[in-house]
Amino acid sequence: MNIVSTLQNAVAQAVEQLYGEATDPSKVLVNPTPPDFTGDYSVVIFPFVKVAKKSPDAAASAIGEYLAKNVADIKAFNIVKGFLNLEINDAYWQGFLQSVVSDSTYGRLPSNGKKVMVEFSSPNTNKPLHLGHIRNILLGWSCSNMLQAVGYEVVKTQIVNDRGVAICKSMVSWLKFGEGKTPESTGIKSDHFVGDWYVLFEQKSKEEYGAWQETAEAKSLFESKRKPEQLEKDFFKDFKNKWFNEYSILGAEVREMLLKWEAHDPETLALWKKMNDWVYAGFDKTYGDLGVSFNKLYYESDTYQLGKDIVEDGLTKGVFFKKEDGSIWLDLTDAGLDQKVVVRADGTSLYITQDLGTARMRHHELGCERYVYVVADEQNYHFQVLFETLKRLEEPYAAGLHHLSYGLVELPTGRMKTREGTVVDADDLITEVIRIATEQSKDRGEAETLSEAEKRENLRRVGMGALKFFIVKVHPKKKMIFNPEESVDLQGQTGPYIQYSYVRINGLMQRVEKEGIDLSSANRYTSIQPQEKELLVAIQDYQNVVLKGAEEYDPSLVANYSYDLAKKYHRFWHDLSVFNAETPEARAFRLTLSRAVGQVLKSSMGLLGVSGGM
RNA sequence: GGUCCCGUAGCACAAUGGAUAGUGCAACAGAUUUCUAAUCUGUAGGUUACAGGUUCGAGCCCUGUCGGGAUCACCA
């Protein structure tokens, strides 16, 4: 058993024996002792002073005596201001170290027989992926990995938003202005190619709107509908949607396209399929670069009609109600939310209708215990409504729904805005971090032994490791600033810094292999140093970190842990000699310890999707 | 305006209600001429936005204020 749980249990037992009060062992606080104090772990005694009816130090002393007597692994204890500091026997650490290196799955839990779905990425098909998608994808991916590590079977899904106004804009634009060009003929990556037509559409539309504003019709509309004091500029800004739907020629073409699509017009469907396929080919490349994949894809074109049956249900159950115009509503005001339309007056479905239907369908198909939606925080309200609705419908899976909400990513240059063309493209960013990694390696002078291809692959790994680590180290809920230059820095809190620790360890292990060094004398090493102890304590903590990360859907815990471990290893490396250790036992011990650190680093970084060099 | 989220060093980020609020970058001062120098150590930098409250103990929980963001469509 983990020493921390051993201690928790023993303390709970002590409290019960000494003071007759039952205590939940998992509530006993056992933390690594801060470096300034003597000890490996510290028990917080304050919670027990009331039942002990003693001063904190006296209670600590009594509990300490009890532990020293009853827990074989405890070597000594001391008390500082209500904290009971415990020293653990070297024999325990020896055994622990051996158990780690002999267990290739260390940190992972066996299957728990439960299933969880994680939905992430879920892009629109009218333009390429951008920086926001990268955060989404990395969060989804690492959460999937963490859940898997703690025993879940994970189904990774995305819903591809392949229909609707957006893709129709690209289609209209390409038909009108495309002159039959293709990704092949232009040499443009195919999802970017489709996105370019979307951008062109928006440009043309803007031009049309500008021209229209000069017409007599527009002027008189402004005069008759303006609010008092409203400037012409502001009026037309507000009016844009209405204009697009009722006055725009391009807008009319898009609506026609959409109607034809919904009527299954063969030519429209063929065009739609062609453009979407271009986009998918492009996405696949980006997903490949990021090293992610999915188990199951859902397409909005298949699911957008879904949800009518669930709405029927809701009507029968009285969860929903119908207004005179035929639209169906849901009143959530008692939950602090608003009224919400779930089906339009004309009987067509909305975003929420679709999500209701998809939720039920997926549960029938997958039968998961939990469903995690990785979606940006601008949709917090939507998910509140969605989950509350499913709860009221008494859907059996409602309690297992979770919105993993994440904040905006910005660059140091400022916020991304579609309209201002400052959106950071995912592919560009990937290229950029690899470029920076390459540039930095030039200053250093890389190992000459590698082939060109190997060097390139190394740099790609460094760049991707940098990108991934930098993004995932921040708590999902917080908005963050991604600094490409800083991310690739080889010093500091970065992916490459951690990757290097691993490379270093790998180098050691290869040498062990080559020289046939015998590590079996490791357990005869009797003077564990502080730098070694802090590594052991950190390794011990790994399984808890993974568990917590999975429970809280928070990969930043694993990222910060990895950095911390790498940092401790560097300190160890600097202060103590490994190969040139004082004795053969010390050498064997340190090599074994290094192996364990490498093993954990590989595992923890692997959870984050960073496998580069590992 | 209602609702929700955020506010920690110059900057970027940590900190299950527990000890003196940490880490990196940037700055300064050193060490290590090795086991790959992609390293390490030290100095400096803080009224944790502000004001109250709960607690043995609050960056964390509660109330209010200020600042920033998101959202309040028969869009997705």
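This is a predicted model: local features need pLDDT of at least 70, side-chain atom pairs count only at pLDDT 80 or more; totals for chains, interfaces and linings use all residues.
What share of the 614 residues in chain A is buried? Buried residues account for 51% of them.

Let me begin with the chain as a whole. Chain A contains 23 helices and 14 strands. Along the principal axes, its C-alpha atoms fill a box of roughly 90 × 65 × 50 Å. If we take the contacts between residues at least 6 apart in sequence, 73% of these join residues at least 24 apart.

Two packed helices are described by the angle between their axes and the distance between the axes.

On the α20 side, the contact is made by Tyr 497, Ile 498, Tyr 500, Ser 501, Arg 504, Ile 505 and Leu 508. On the α22 side, the contributing residues are Ser 562, Tyr 563, Ala 566, Lys 567, Tyr 569, His 570 and Trp 573. By class, this contact of α20 with α22 consists of nine nonpolar, three polar and two charged residues.

The next pair is α21 with α23, the latter spanning residues 584-607. Here the axes come within 11 Å and cross at roughly 30°. Because angles under 35 degrees count as roughly parallel, α21 is described as roughly parallel to α23. The crossing of α21 past α23 is left-handed. From α21, the residues in contact are Glu 532, Leu 535, Leu 536, Ile 539, Tyr 542 and Val 546. They meet Phe 589, Arg 590, Leu 593, Ala 596, Val 597, Val 600, Ser 603, Ser 604 and Leu 607 of α23. The contact of α21 with α23 comprises eleven nonpolar, two polar and two charged residues.

The last pair is α8, residues 190-213, with α11, residues 249-262. These helices pack at an angle of about 135°, and their axes are 9 Å apart. They are therefore oblique to each other. In α8, Phe 201, Lys 204, Ser 205 and Glu 208 take part, meeting Ile 249, Leu 250 and Val 254 in α11. Four nonpolar residues, one polar and two charged make up the contact of α8 with α11.

Next, the charged pairs. Side chains of opposite charge can pair when their charged atoms come close. How many salt bridges does a search of the whole structure find? The search returns 33, and I shall describe several examples.

Lys 533 and Asp 40 form a salt bridge through their side chains, at 2.9 Å from N to O. Lys 533 belongs to helix α21, residues 530-552, while Asp 40 sits in the loop between β1 and β2, so this pair ties together parts that are 493 residues apart in sequence. Both Lys 533 and Asp 40 are buried.

A salt bridge also links Glu 214 to Lys 219, with 3.9 Å between the closest N and O atoms. Glu 214 counts as exposed, at 58% relative accessibility, whereas Lys 219 counts as partly exposed, at 32%.

Within helix α18, residues 452-472, Glu 457 and Arg 461 are four residues apart, which means that about one helical turn separates them. Their salt bridge has its closest N and O atoms 3.4 Å apart. Glu 457 is partly exposed, with a relative accessible area of 30%, and Arg 461 is likewise partly exposed, at 32%. Elsewhere among the salt bridges, Asp 334, Glu 388, Lys 391 and Arg 392 are joined into one network by bridges that share partners.

Which value of phi does Ser 121 have? Ser 121 is not a glycine, yet its phi is positive, at about 75°. Ser 121 lies in the loop between β5 and α5. With a relative accessible area of 4%, Ser 121 is buried.

Glu 179, also not a glycine, has a positive phi of about 50°. Its place is the loop between α6 and α7. Is Glu 179 buried or exposed? Glu 179 is exposed, with a relative accessible area of 69%.

Methods:
Residues are numbered from 1 along each chain as its sequence is written. Chains are lettered from A and ligands numbered from 1 in the order in which they are written. Side-chain values use heavy atoms; hydrogens and water are left out. Contact means heavy atoms within 4.5 Å. Helices (H or I, at least four residues) and strands (E, at least two) are DSSP runs, numbered from the N terminus. Ala, Val, Leu, Ile, Met, Phe, Trp, Tyr, Cys and Pro count as nonpolar, Asp, Glu, Lys and Arg as charged, and the others, Gly among them, as polar. A salt bridge is a side-chain nitrogen of Lys or Arg within 4 Å of a carboxyl oxygen of Asp or Glu. Buried means under 20% relative accessible area, exposed over 50%, partly exposed in between (1.4 Å probe, protein chains only). Axes are lines fitted to C-alpha atoms, for helices over the stretch in contact, and angles run from 0 to 180 degrees between N-to-C directions. Angles under 35 degrees count as roughly parallel, over 145 as roughly antiparallel, 65 to 115 as roughly perpendicular and the rest as oblique. A crossing is left-handed if the near helix is turned anticlockwise from the far one by less than a right angle, and right-handed if clockwise.
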